[in-house]
Structures are given as structure tokens and as C-alpha cells.
Amino acid sequence: MDRIRLGMVGGGRGAFIGPVHRIAARLDDHYDLVAAALSSDPVLAAASASDLNMDPSRAYSSYEAMAEGEAARADGIEAVSIVTPNNTHAAIAKAFLTRGIHVICDKPLSTDSQFAAEIVGIARDARKICALTYNYTGYPMIRQAREMCASGSLGRLRLVQVEYLQDWLTQQAEAAGSKQAEWRTDPARSGRGGSIADIGTHAFNLLRFITRLESEAILAELSTFVEGRPVDDNAQVLLRFNGGARGSLWASQVAPGNENDLSVRVYGDKGGLEWRHLEPNYLWYTPLGEPRQRISRGAAGAAAARVTRIPAGHPEGYLEAFAAIYSEIAAAIRSARNGNPAPAGIAFPTALDGLEGIQFVEAAIGSSEAGAVWRDFQTSNAGPAG
């Protein structure tokens, strides 16, 4: 297959997530990075492009110039990765989608649900892919859990618990020169949500991806424990789902001893599942009345095998999960070249999931500001799909 011509906005020298996206795009050999606007600083943009041995004529000083220039080329990019601060995502996505270029956007899609809904409509009207890199959905054992929930292995779902815990903002890292902490705790750049938006949306998306449960109400208490921080650093959320299922979500960036601990538990009337990011190649399954079983990546089903690369016993992790999302998107883009729908089995987060994530944040903030009360929060997206 011909590689997909890829561009990137953001991700220059000193960035964290830009290199992650570049590794993910290349891991399965589906993309060639051929153009970029790697920084809003023209000097840094040019230097960063030189680091990547990029053709200087395709190293742009702004995303506007890049969208216009690449759309005019016969060999222009087919897709663009957006790895800039949160508050710029929607405008950049719009610039490329309206010029017929697929979008792969780091989450969130926007910092406001109104703008996110606009992007959903633009992508639909342009008939272009707008994907979100909620990368934890790329893990093979998360695909296995999703398949088992859908197949009825757990019976009727009753309870879901998801936690995403970190400790890196326990002190004022933003005042100590941490670039990552500075923008994440600045509402002008990250949006109104702190932990609820930064990691809480990952937890909520993972819950939705695995179970496909549709929420109907939310109760949230958002807390700020570090004095002077303008966004929350701890979020505790209860959820009610259609059909009677109940859920809880805890997202914290002030929980000492937790570097990056994401876990999910799902319980039905026939059994339960548990997965932890710290041991991503295993899924624990307990059929009701039977001993607990550990399912390894090598012994999992077709859904897990689809995004597995190496033999059993060799661990796969964060970068491979990220690459799985890129590979699923690549399959959809290749089908779109000929006007065909994505192949069966493809699953990746889309603009609809991005919109839902922002609606989740807004609903949680609204509930918390009203005194941690129940609020209507109805989801309608049936889960990530190409």
C-alpha cells in the first residue's frame, strides 16, 4: 500500500506529544511525514523541520499557510496531525477539513462544545475523517474487553468503575517552570477543566468504548487542592446509565504514589472484568461463581489480535497503543481514497467522541458548581468507530 502523506501542526523542539505522534505514525509504516508547521515561532518552526530533515519548501511558519499550500499541491498531504495547545485545535481542524484534508487531532477537539459541534458538522459535510487520539482505546486488551461486553460474557452490565490517578501536580509544578504544567493549569489554553478534562476525559472515553453504555445523568464534585490553581486537580464523578447501570469515575493529579495509573472495572450479572494500564497486556475475567482468570494478549480474541504486532510474552505498551489508533485511521483513509466505507472491525475515536468528551467536562463542571447535584447528561454516540 502507498503510504499516506501526513502533515503535522505543532510538535516542534521541546514538545512531548508531537514526537509520540510521529513515532505512532511510523511504527506500522503507514505514513510519510512530508509537511509541517511545527511551531508558531517561525525560527523554531524552521529549526524543528531541519531536525526532521524535512523539505524546507514544506516547512511552514503557520498552519494557515500550510493548509493553503498543501491543498494546492498535487502531492499535498492527505491527513494532518494536530498536536498544539487545546485552545487552538478547533480552528486548525477547520482550516484543513474545509480544504479536503483528513484530521487526526490530539484530544480535546476543542475547549467548548459549541465549537466541537461545528467541527463535527464540517467533517460530516466534507466527508472527511476527523479522528481523536484517545490512545488508550488502542490497547489489545481494551479491544478484548469491548468484545466481551458486546458478546454478553458479562451478562447485563450493572456497574462500571474507572480511575485515572497521577501525582505530578501535587505541588505547584506550574510555578516551578514545568511547561506541561503551565499550559495544563491555564484555563485560557487548556479550557475550564483541569484534571476532569486532562485525564478525566480519557477515563470517560475508555468507559464508553468498552461498555457502549449511554449515560443519562451525572453528579460531580471537582476540587482544587493546590492553592491558587485556577482549575480543578481532583474530580469525583457518579454516572447513571440507560437501563439502570451505574458508574463512578475518579480522576486526580494530586494522588502521591500514582505516576499514571489508569484502571477500569466492569461488572454484569454473569461476571466481571478488570484492566490496569500498569499491566496492559493482561485482562482479568471472573465468571460468576468461578475462579478469577487472567487473559493474556497472546490468548485473546480477534479484536485484540487485530491491533497486536508481536508474539505472546513480548509486552506492548503506550507507543504501540498510540500506533494502533494511527493504523486503524490509515485503513479508513485508504478506503476513503476510493469512496468506500472503513473496513469491518475498524474502531477509532472520532469527532463525535471529541464532542462527547467536552460535553462530559461541561456537565461535570455544571454539576459541581451547583453544589454537586445530579444533572441530565445524555450521550448519543454509540462509541468510537471509523
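**Figure 1. The open parallel sheet of the predicted model.** Five strands, in the order β2-β1-β3-β4-β5, make up an open sheet with parallel pairing. The model is a predicted one. Strands β2 and β5 (130-132) are the edges, and each of them pairs on one side only. From one strand to the next, the twist averages 25 degrees.

**Figure 2. Pairing of strands β1 and β2.** Strand β1 (residues 4-9) runs parallel to β2, and 6 bridges join the two. Val-9 has Ala-37 of β2 opposite it. Strand β2 is also an edge strand of the sheet.

**Figure 3. An edge-to-face pair of tyrosines, Tyr-31 and Tyr-326.** The whole structure contains 9 aromatic pairs. In the pair of Tyr-31 and Tyr-326, the ring centres are 5.4 Å apart and the planes stand at 85 degrees; because an angle over 60 degrees counts as edge-to-face, the pair is placed in that class. Tyr-31 belongs to strand β2 (residues 31-37) and Tyr-326 to helix α12 (residues 318-337), so the contact ties together parts of the chain 295 residues apart in sequence. Tyr-31 has a relative accessible area of 1% and is buried. Tyr-326 is buried as well, at 0% relative accessibility.

**Figure 4. A stacked pair of phenylalanines, Phe-204 and Phe-360.** The rings of Phe-204 and Phe-360 are stacked, with 4.4 Å from centre to centre and 5 degrees between the planes. Phe-204 lies in helix α10 (residues 200-211) and Phe-360 in helix α13 (residues 351-369); the pair links distant parts of the chain, 156 residues apart.

**Figure 5. An aromatic cluster.** One cluster is formed by the aromatic residues Tyr-136, Tyr-139, Tyr-164, Trp-275, Tyr-318 and Phe-322. Two of its members, Tyr-318 and Phe-322, fall within the residue range of helix α12 (residues 318-337).

**Figure 6. Arginines over aromatic rings.** Arg-292 is placed over the face of Trp-284, 4.1 Å from the centre of the ring. Arg-294 has its charged end over the ring of Tyr-282, at 3.9 Å from the ring centre.

Notes
Residues numbered from 1 in each chain as written. Predicted model: local features only at pLDDT ≥ 70, side-chain atom pairs only at ≥ 80, totals over all residues. Heavy atoms only, no water. Phe/Tyr/Trp six-rings, centres within 6.5 Å; stacked < 30°, edge-to-face > 60°. Helix = DSSP H or I, 4+ residues; strand = E, 2+ residues; numbered from the N terminus. Buried < 20%, exposed > 50% of the residue type's maximum accessible area, 1.4 Å probe, protein only. Lys NZ or Arg CZ within 6 Å of the ring centre and 35° of its normal. Pairing = 2+ DSSP bridges. Axes fitted to C-alpha atoms, helices over the stretch in contact; angles between N-to-C directions.
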